[in-house]
Amino acid sequence: MQIFHHGDSRRHDPDRYFRRGAIVEHPERAERYLLLLEAARDGGHALHEAGDAGLDPILAVHDAGYVTFLRDVWERRSALPGIADEILTGHFARPQMHRRPEGLLGLIGLYTADTSTPVRAGTWAAVYGSAQAAIAAADAALRGSPTYALCRPPGHHAYADSAGGFCYLNNSAIAAERLRAATGGRVAILDIDVHHGNGTQGLFYARSDVLTVSIHADPADYFPYFAGYADETGVGPGEGFNRNLPLAQGSGDAVWLAAIREGLSAIAASRPAALVVALGLDASEDDPIGALRVTTAGFREAAGLIAEAGLPTALVQEGGYLCPALPRNLAAFLDGFR
Ligand SMILES: [Zn+2]
(Lines give C-alpha, C1' and ligand atoms only; values in the text may rest on other atoms or scores of the structure.)
Protein backbone atom coordinates (compact mmCIF):
# COMPACT_ATOMS: atom_id res chain seq x y z
CA MET A 1 0.00 0.00 0.00
CA GLN A 2 1.31 3.44 -0.92
CA ILE A 3 0.59 5.95 1.86
CA PHE A 4 0.27 9.68 1.17
CA HIS A 5 0.19 12.27 3.92
CA HIS A 6 1.16 15.87 4.56
CA GLY A 7 3.08 17.14 7.58
CA ASP A 8 0.98 20.33 7.69
CA SER A 9 -1.95 18.17 8.87
CA ARG A 10 -0.74 18.66 12.43
CA ARG A 11 -0.94 22.47 12.21
CA HIS A 12 -4.70 22.50 12.93
CA ASP A 13 -5.30 21.39 16.50
CA PRO A 14 -8.56 22.72 17.98
CA ASP A 15 -8.76 21.95 21.68
CA ARG A 16 -12.37 22.74 22.58
CA TYR A 17 -15.74 21.90 21.15
CA PHE A 18 -19.32 22.85 21.99
CA ARG A 19 -21.30 19.64 22.43
CA ARG A 20 -24.78 19.26 23.90
CA GLY A 21 -24.53 22.53 25.76
CA ALA A 22 -21.05 21.97 27.19
CA ILE A 23 -17.52 22.90 26.19
CA VAL A 24 -15.65 19.62 25.84
CA GLU A 25 -12.32 18.52 24.39
CA HIS A 26 -12.37 18.66 20.59
CA PRO A 27 -12.33 15.07 19.26
CA GLU A 28 -10.59 15.90 15.97
CA ARG A 29 -7.06 16.47 17.27
CA ALA A 30 -3.70 16.63 15.50
CA GLU A 31 -2.66 13.61 17.53
CA ARG A 32 -4.87 11.51 15.22
CA TYR A 33 -2.49 12.25 12.36
CA LEU A 34 0.55 11.12 14.33
CA LEU A 35 -1.12 7.92 15.58
CA LEU A 36 -2.40 6.95 12.13
CA LEU A 37 0.96 7.73 10.53
CA GLU A 38 2.71 5.55 13.08
CA ALA A 39 0.25 2.70 12.46
CA ALA A 40 0.88 2.91 8.71
CA ARG A 41 4.64 3.01 9.20
CA ASP A 42 4.58 0.06 11.61
CA GLY A 43 2.59 -1.91 9.04
CA GLY A 44 5.53 -1.68 6.67
CA HIS A 45 3.74 0.49 4.11
CA ALA A 46 5.60 2.98 1.91
CA LEU A 47 5.11 6.54 3.21
CA HIS A 48 5.17 9.53 0.86
CA GLU A 49 4.81 13.21 1.72
CA ALA A 50 2.28 14.62 -0.76
CA GLY A 51 3.48 17.22 -3.26
CA ASP A 52 1.63 20.39 -4.23
CA ALA A 53 -0.85 20.02 -7.10
CA GLY A 54 -2.15 23.54 -6.49
CA LEU A 55 -5.68 24.82 -6.01
CA ASP A 56 -7.21 23.63 -9.29
CA PRO A 57 -8.16 20.13 -8.09
CA ILE A 58 -9.79 21.73 -5.03
CA LEU A 59 -11.66 24.29 -7.11
CA ALA A 60 -12.94 21.45 -9.33
CA VAL A 61 -15.16 20.55 -6.38
CA HIS A 62 -15.43 23.64 -4.16
CA ASP A 63 -16.89 27.12 -4.57
CA ALA A 64 -14.16 29.70 -5.28
CA GLY A 65 -15.55 32.23 -2.77
CA TYR A 66 -15.56 29.59 -0.05
CA VAL A 67 -11.98 28.51 -0.78
CA THR A 68 -10.78 32.13 -0.73
CA PHE A 69 -12.59 32.64 2.57
CA LEU A 70 -10.91 29.59 4.13
CA ARG A 71 -7.50 30.65 2.86
CA ASP A 72 -7.74 34.28 4.01
CA VAL A 73 -10.00 34.42 7.05
CA TRP A 74 -7.23 34.03 9.63
CA GLU A 75 -5.25 36.89 8.06
CA ARG A 76 -8.39 39.06 8.21
CA ARG A 77 -9.00 38.40 11.90
CA SER A 78 -8.20 41.99 12.93
CA ALA A 79 -11.73 42.77 11.70
CA LEU A 80 -13.02 40.67 14.59
CA PRO A 81 -12.28 42.41 17.89
CA GLY A 82 -11.82 39.95 20.73
CA ILE A 83 -10.61 37.05 18.59
CA ALA A 84 -7.81 35.20 20.35
CA ASP A 85 -6.71 31.77 19.17
CA GLU A 86 -9.62 30.76 16.98
CA ILE A 87 -12.36 32.16 14.77
CA LEU A 88 -15.84 30.78 15.31
CA THR A 89 -19.39 32.06 15.19
CA GLY A 90 -22.72 31.12 16.69
CA HIS A 91 -24.76 32.59 13.81
CA PHE A 92 -25.39 30.31 10.87
CA ALA A 93 -27.15 30.89 7.55
CA ARG A 94 -30.30 28.88 6.97
CA PRO A 95 -31.55 27.83 3.51
CA GLN A 96 -34.25 30.53 3.67
CA MET A 97 -31.66 33.26 4.37
CA HIS A 98 -28.65 32.78 2.20
CA ARG A 99 -27.58 36.30 1.23
CA ARG A 100 -23.82 36.69 1.10
CA PRO A 101 -23.00 39.39 3.66
CA GLU A 102 -20.05 41.79 3.47
CA GLY A 103 -18.80 41.46 7.03
CA LEU A 104 -16.45 38.75 8.17
CA LEU A 105 -18.64 37.53 11.03
CA GLY A 106 -21.53 36.99 8.63
CA LEU A 107 -19.29 35.21 6.13
CA ILE A 108 -18.17 32.78 8.81
CA GLY A 109 -21.82 31.93 9.47
CA LEU A 110 -22.47 31.56 5.73
CA TYR A 111 -19.54 29.22 5.16
CA THR A 112 -19.79 27.02 8.26
CA ALA A 113 -22.62 24.73 9.34
CA ASP A 114 -21.84 24.33 13.03
CA THR A 115 -19.37 25.11 15.82
CA SER A 116 -17.05 22.17 15.13
CA THR A 117 -14.91 23.89 12.50
CA PRO A 118 -13.01 26.81 14.05
CA VAL A 119 -10.34 28.52 11.98
CA ARG A 120 -6.94 28.89 13.65
CA ALA A 121 -3.51 30.05 12.54
CA GLY A 122 -2.63 26.69 10.93
CA THR A 123 -6.07 25.65 9.72
CA TRP A 124 -5.67 26.54 6.04
CA ALA A 125 -2.24 24.90 5.83
CA ALA A 126 -3.65 21.73 7.40
CA VAL A 127 -6.77 21.46 5.25
CA TYR A 128 -4.79 22.30 2.09
CA GLY A 129 -2.17 19.66 2.96
CA SER A 130 -4.90 17.14 3.71
CA ALA A 131 -6.47 17.76 0.28
CA GLN A 132 -3.05 17.41 -1.37
CA ALA A 133 -2.65 13.97 0.24
CA ALA A 134 -5.98 12.92 -1.33
CA ILE A 135 -4.94 14.24 -4.74
CA ALA A 136 -1.60 12.42 -4.59
CA ALA A 137 -3.32 9.19 -3.57
CA ALA A 138 -5.82 9.50 -6.45
CA ASP A 139 -3.03 10.05 -8.97
CA ALA A 140 -1.02 7.11 -7.64
CA ALA A 141 -4.06 4.79 -7.57
CA LEU A 142 -4.17 5.00 -11.37
CA ARG A 143 -0.56 3.84 -11.56
CA GLY A 144 -1.49 0.39 -10.30
CA SER A 145 -1.31 -0.15 -6.58
CA PRO A 146 -4.00 0.74 -4.04
CA THR A 147 -3.29 3.90 -2.09
CA TYR A 148 -4.24 5.42 1.25
CA ALA A 149 -4.43 9.15 1.92
CA LEU A 150 -3.93 10.04 5.56
CA CYS A 151 -6.22 13.06 5.40
CA ARG A 152 -6.59 15.15 8.51
CA PRO A 153 -8.74 17.18 9.00
CA PRO A 154 -11.33 14.87 7.44
CA GLY A 155 -13.60 15.98 4.60
CA HIS A 156 -16.86 14.16 3.93
CA HIS A 157 -19.15 16.60 5.76
CA ALA A 158 -17.85 19.56 3.69
CA TYR A 159 -20.13 20.78 0.90
CA ALA A 160 -19.09 22.87 -2.09
CA ASP A 161 -19.36 26.03 0.00
CA SER A 162 -19.45 25.04 3.64
CA ALA A 163 -17.44 23.50 6.44
CA GLY A 164 -19.07 21.36 9.14
CA GLY A 165 -18.64 18.21 11.19
CA PHE A 166 -14.86 18.81 11.66
CA CYS A 167 -14.49 19.02 7.82
CA TYR A 168 -13.33 21.93 5.62
CA LEU A 169 -12.36 20.58 2.18
CA ASN A 170 -13.98 17.38 0.94
CA ASN A 171 -10.91 15.21 0.38
CA SER A 172 -12.84 12.13 -0.81
CA ALA A 173 -14.78 14.21 -3.34
CA ILE A 174 -11.60 15.93 -4.53
CA ALA A 175 -9.99 12.51 -5.07
CA ALA A 176 -13.10 11.21 -6.87
CA GLU A 177 -13.26 14.20 -9.20
CA ARG A 178 -9.53 13.84 -9.90
CA LEU A 179 -10.05 10.15 -10.82
CA ARG A 180 -13.12 10.94 -12.92
CA ALA A 181 -11.22 13.55 -14.93
CA ALA A 182 -8.23 11.24 -15.43
CA THR A 183 -10.21 8.14 -16.43
CA GLY A 184 -13.09 9.78 -18.30
CA GLY A 185 -15.28 7.12 -16.70
CA ARG A 186 -17.59 6.90 -13.72
CA VAL A 187 -16.09 6.90 -10.22
CA ALA A 188 -17.73 5.31 -7.21
CA ILE A 189 -17.36 6.50 -3.62
CA LEU A 190 -17.98 4.01 -0.82
CA ASP A 191 -18.29 5.89 2.48
CA ILE A 192 -18.01 3.60 5.51
CA ASP A 193 -17.56 6.31 8.16
CA VAL A 194 -20.14 5.94 10.95
CA HIS A 195 -21.58 9.32 9.94
CA HIS A 196 -23.40 9.90 6.67
CA GLY A 197 -21.20 11.53 4.02
CA ASN A 198 -23.60 14.42 3.59
CA GLY A 199 -21.15 16.83 1.97
CA THR A 200 -20.14 14.24 -0.62
CA GLN A 201 -23.78 13.45 -1.34
CA GLY A 202 -24.50 17.15 -1.75
CA LEU A 203 -21.61 17.63 -4.17
CA PHE A 204 -22.59 14.82 -6.53
CA TYR A 205 -26.36 14.60 -5.97
CA ALA A 206 -27.30 15.71 -9.48
CA ARG A 207 -24.54 13.79 -11.27
CA SER A 208 -24.45 10.32 -12.80
CA ASP A 209 -20.67 10.23 -13.30
CA VAL A 210 -19.98 9.81 -9.57
CA LEU A 211 -21.91 7.14 -7.68
CA THR A 212 -22.00 7.79 -3.95
CA VAL A 213 -22.79 4.98 -1.51
CA SER A 214 -22.80 5.73 2.22
CA ILE A 215 -23.13 3.20 5.06
CA HIS A 216 -23.71 4.90 8.40
CA ALA A 217 -25.68 5.02 11.63
CA ASP A 218 -29.29 6.11 11.09
CA PRO A 219 -29.33 9.93 11.03
CA ALA A 220 -32.82 10.04 12.57
CA ASP A 221 -31.06 10.51 15.92
CA TYR A 222 -27.42 10.94 14.96
CA PHE A 223 -25.20 13.46 13.16
CA PRO A 224 -25.67 14.79 10.47
CA TYR A 225 -29.44 14.50 11.20
CA PHE A 226 -30.67 16.36 8.10
CA ALA A 227 -29.42 13.99 5.39
CA GLY A 228 -28.48 10.34 4.98
CA TYR A 229 -31.88 8.71 4.62
CA ALA A 230 -32.54 5.74 2.33
CA ASP A 231 -34.98 7.64 0.13
CA GLU A 232 -32.32 10.16 -0.95
CA THR A 233 -31.39 8.63 -4.30
CA GLY A 234 -30.18 11.57 -6.39
CA VAL A 235 -31.91 14.17 -8.53
CA GLY A 236 -32.17 14.87 -12.28
CA PRO A 237 -29.35 13.10 -14.13
CA GLY A 238 -28.09 11.92 -10.73
CA GLU A 239 -31.27 9.95 -9.96
CA GLY A 240 -30.21 6.43 -8.97
CA PHE A 241 -26.58 7.43 -8.37
CA ASN A 242 -26.84 8.12 -4.64
CA ARG A 243 -27.31 5.25 -2.24
CA ASN A 244 -27.75 5.54 1.52
CA LEU A 245 -27.70 2.48 3.76
CA PRO A 246 -28.55 3.73 7.28
CA LEU A 247 -28.06 1.14 10.04
CA ALA A 248 -29.63 0.94 13.49
CA GLN A 249 -27.39 2.31 16.23
CA GLY A 250 -25.50 -0.49 17.95
CA SER A 251 -25.26 -2.64 14.79
CA GLY A 252 -22.19 -4.87 14.72
CA ASP A 253 -19.97 -6.61 12.19
CA ALA A 254 -22.62 -8.84 10.57
CA VAL A 255 -25.02 -6.01 9.73
CA TRP A 256 -22.22 -3.60 8.72
CA LEU A 257 -20.48 -6.12 6.47
CA ALA A 258 -23.79 -7.09 4.85
CA ALA A 259 -24.35 -3.41 4.03
CA ILE A 260 -20.85 -3.17 2.57
CA ARG A 261 -21.59 -6.20 0.37
CA GLU A 262 -24.81 -4.52 -0.77
CA GLY A 263 -22.98 -1.28 -1.47
CA LEU A 264 -20.26 -3.09 -3.41
CA SER A 265 -22.85 -4.86 -5.52
CA ALA A 266 -24.44 -1.48 -6.43
CA ILE A 267 -20.96 -0.20 -7.24
CA ALA A 268 -20.16 -3.19 -9.47
CA ALA A 269 -23.47 -2.71 -11.32
CA SER A 270 -22.51 0.90 -12.12
CA ARG A 271 -19.28 -0.30 -13.81
CA PRO A 272 -16.97 2.39 -12.40
CA ALA A 273 -13.45 3.07 -13.63
CA ALA A 274 -12.16 3.72 -10.12
CA LEU A 275 -13.17 3.66 -6.47
CA VAL A 276 -12.69 6.05 -3.56
CA VAL A 277 -13.27 4.66 -0.08
CA ALA A 278 -14.18 7.32 2.46
CA LEU A 279 -12.49 5.43 5.24
CA GLY A 280 -13.90 6.52 8.56
CA LEU A 281 -12.82 4.28 11.41
CA ASP A 282 -15.46 5.65 13.81
CA ALA A 283 -17.82 2.70 13.21
CA SER A 284 -15.55 1.00 15.77
CA GLU A 285 -17.12 -0.40 18.92
CA ASP A 286 -14.48 1.57 20.86
CA ASP A 287 -14.84 4.95 19.15
CA PRO A 288 -15.60 7.71 21.69
CA ILE A 289 -18.26 9.33 19.47
CA GLY A 290 -19.32 6.30 17.42
CA ALA A 291 -22.70 4.57 17.30
CA LEU A 292 -21.93 1.17 15.75
CA ARG A 293 -20.05 -1.84 17.12
CA VAL A 294 -17.58 -2.85 14.43
CA THR A 295 -14.60 -4.89 15.64
CA THR A 296 -11.01 -4.89 14.42
CA ALA A 297 -11.75 -8.19 12.65
CA GLY A 298 -14.71 -6.47 10.98
CA PHE A 299 -12.48 -3.72 9.57
CA ARG A 300 -10.04 -6.33 8.26
CA GLU A 301 -12.86 -8.27 6.59
CA ALA A 302 -14.35 -5.09 5.07
CA ALA A 303 -11.00 -4.28 3.50
CA GLY A 304 -10.84 -7.74 1.93
CA LEU A 305 -14.35 -7.37 0.47
CA ILE A 306 -13.52 -3.97 -1.00
CA ALA A 307 -10.19 -5.15 -2.41
CA GLU A 308 -12.02 -8.01 -4.18
CA ALA A 309 -13.83 -5.39 -6.29
CA GLY A 310 -10.52 -5.20 -8.16
CA LEU A 311 -10.83 -1.48 -8.99
CA PRO A 312 -8.11 1.19 -8.94
CA THR A 313 -8.72 2.36 -5.38
CA ALA A 314 -7.82 5.34 -3.23
CA LEU A 315 -8.61 5.00 0.48
CA VAL A 316 -9.18 8.42 2.02
CA GLN A 317 -9.11 8.83 5.80
CA GLU A 318 -12.26 10.37 7.27
CA GLY A 319 -13.31 10.09 10.95
CA GLY A 320 -12.15 7.79 13.72
CA TYR A 321 -11.29 9.32 17.08
CA LEU A 322 -8.71 8.91 19.79
CA CYS A 323 -8.91 5.53 21.47
CA PRO A 324 -6.50 2.57 21.68
CA ALA A 325 -8.41 0.78 18.88
CA LEU A 326 -7.91 3.60 16.34
CA PRO A 327 -4.38 2.75 15.11
CA ARG A 328 -5.11 -0.97 15.45
CA ASN A 329 -8.18 -0.68 13.21
CA LEU A 330 -6.27 1.25 10.55
CA ALA A 331 -3.48 -1.35 10.62
CA ALA A 332 -6.04 -4.16 10.26
CA PHE A 333 -7.80 -2.41 7.36
CA LEU A 334 -4.59 -1.70 5.45
CA ASP A 335 -3.38 -5.24 6.08
CA GLY A 336 -6.74 -6.71 5.03
CA PHE A 337 -6.57 -4.82 1.76
CA ARG A 338 -3.37 -6.56 0.63
ZN1 LIG B 1 -17.47 10.17 11.25
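How many nonpolar, polar and charged residues does the lining of the largest cavity have? I took this up first, working on a predicted model.

**Entry: largest cavity.** I looked up the cavities of 30 Å³ or more and noted two in the structure. The largest cavity holds about 50 Å³ of space. I listed its lining as Ile189, Asp191, His196, Gly197, Thr200, Gln201, Thr212, Val213, Ser214, Asn242, Arg243 and Asn244. Two or more of the lining residues come from each of β6 (187–191), α7 (198–204), β7 (210–217) and β8 (242–247). Sorted by class, I recorded two nonpolar, eight polar and two charged residues in the lining of the largest cavity.

**Entry: second largest cavity.** I then turned to the second largest cavity, with about 30 Å³ of space. Phe69, Val73, Ile87, Leu88, Ile108, Thr112, Thr117 and Val119 line this cavity.

**Entry: helices α9 and α10.** I looked up how α9 (residues 296–307) packs on α10 (residues 325–337) and noted an angle of about 30°, with the axes 7 Å apart. Angles under 35 degrees count as roughly parallel, and I therefore describe α9 and α10 as roughly parallel to each other. Their crossing is right-handed.

From α9, I listed Thr296, Phe299, Arg300, Ala302, Ala303, Gly304, Ile306 and Ala307 in the contact. On the α10 side, they meet Arg328, Asn329, Ala332, Phe333, Asp335, Gly336 and Phe337. I classed the residues of the contact between α9 and α10 as eight nonpolar, four polar and three charged.

Key
Residues are numbered from 1 along each chain as its sequence is written. This is a predicted model: local features need pLDDT of at least 70, side-chain atom pairs count only at pLDDT 80 or more; totals for chains, interfaces and linings use all residues. Side-chain values use heavy atoms; hydrogens and water are left out. Axes are lines fitted to C-alpha atoms, for helices over the stretch in contact, and angles run from 0 to 180 degrees between N-to-C directions. Helices (H or I, at least four residues) and strands (E, at least two) are DSSP runs, numbered from the N terminus. Angles under 35 degrees count as roughly parallel, over 145 as roughly antiparallel, 65 to 115 as roughly perpendicular and the rest as oblique. A crossing is left-handed if the near helix is turned anticlockwise from the far one by less than a right angle, and right-handed if clockwise. Contact means heavy atoms within 4.5 Å. Ala, Val, Leu, Ile, Met, Phe, Trp, Tyr, Cys and Pro count as nonpolar, Asp, Glu, Lys and Arg as charged, and the others, Gly among them, as polar. On a 1 Å grid over the protein atoms alone, a cavity is a set of points where a 1.4 Å probe fits but cannot get out, and a pocket is an open set with protein on both sides within 12 Å along at least five of seven lines; lining residues have an atom within 4 Å of a point. Grid points are joined across faces, edges and corners, and a volume is the space filled by probe spheres set on the points.
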